Amino acid sequence: MKDIFKKIKLFVYDFDGVMTDNRFLLNSSGEEQVYLNRSDGLAIKMISSLGINQVILSSENSEIIKIRADKLKIDCMHGVLEKEKVLKKIQIKYGVEGDEVGYIGNDLNDYKAMKSIGLKMCPFDAEKRIVDCCDIVFQKKGGQGVIRELYSMITGD
């Protein structure tokens, strides 16, 4: 495992723009649909097998996020407007300090939360202010296997 990840006990992921390409389909019934990357799902399961907890933290209030988190067997908090405050509660729940958290975000609503933790990461196509504050900028764009790239970095696979 790379040294940068040795201290990490919890990964927090934004949903839209990280696990998705930040687009959605809206049908005539008003239902939203998103595209997800299956390799991210496998990576989440493999990261769990390493004993690292994972949480989805999203400002979107969408049932899609809960369904995906349930399938992946990780926690999620959605409809969160003040991510930095909820992140503190997540840290308490998991018994981790800020420097033991890795956060993948992509847009300005992640900025304050990301600034409060140890390892800041983002997809290649993240908002410039987010890119500028990150320790790791992935080669992948959001929705194209960012979490799979993370797993490869952790394990060297």
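Biologist: Which residues of α1 meet α6?
Modeller: S39, D40, A43, I44, M46 and I47 in α1 meet V146, I147, R148, L150, Y151 and I154 in α6. Contact means heavy atoms within 4.5 Å, and helices (H or I, at least four residues) and strands (E, at least two) are DSSP runs, numbered from the N terminus.

Biologist: What's the make-up of that contact by class?
Modeller: The contact of α1 with α6 has nine nonpolar, one polar and two charged residues. Here Ala, Val, Leu, Ile, Met, Phe, Trp, Tyr, Cys and Pro count as nonpolar, Asp, Glu, Lys and Arg as charged, and the others, Gly among them, as polar.

Biologist: Before I go on, what kind of model is this?
Modeller: This is a predicted model: local features need pLDDT of at least 70, side-chain atom pairs count only at pLDDT 80 or more, and totals for chains, interfaces and linings use all residues. Residues are numbered from 1 along each chain as its sequence is written, and side-chain values use heavy atoms, with hydrogens and water left out.

Biologist: Thanks! On to the sheet: what's the strand order?
Modeller: The order is β5-β4-β1-β6-β7-β8, six strands in an open sheet with parallel pairing. Two strands pair if DSSP finds at least two bridges between them. At the edges sit β5 (75-77) and β8 (136-137), each pairing on one side only.

Biologist: And how many bridges does β7 make with β6?
Modeller: Three bridges join β6 to β7, and I104 stands opposite M121 in β7. With β8, strand β7 (residues 119-122) pairs over two bridges, where M121 stands opposite I136.

Biologist: Are the faces of β7 covered or open?
Modeller: Both are covered: L119 and M121 are buried on one side, and K120 and C122 are buried on the other. Buried means under 20% relative accessible area, exposed over 50%, partly exposed in between (1.4 Å probe, protein chains only). In a regular strand the side chains alternate between the two faces of the sheet.

Biologist: Why does E100 count as buried?
Modeller: Because its relative accessibility is 13%.

Biologist: What's E100 in contact with, beyond its sequence neighbours?
Modeller: Leaving aside neighbours within four places in sequence, E100 touches K7, I8, K9, L10 and G95. K7 is 93 residues away in sequence, yet the two C-alpha atoms are 5.4 Å apart in space.
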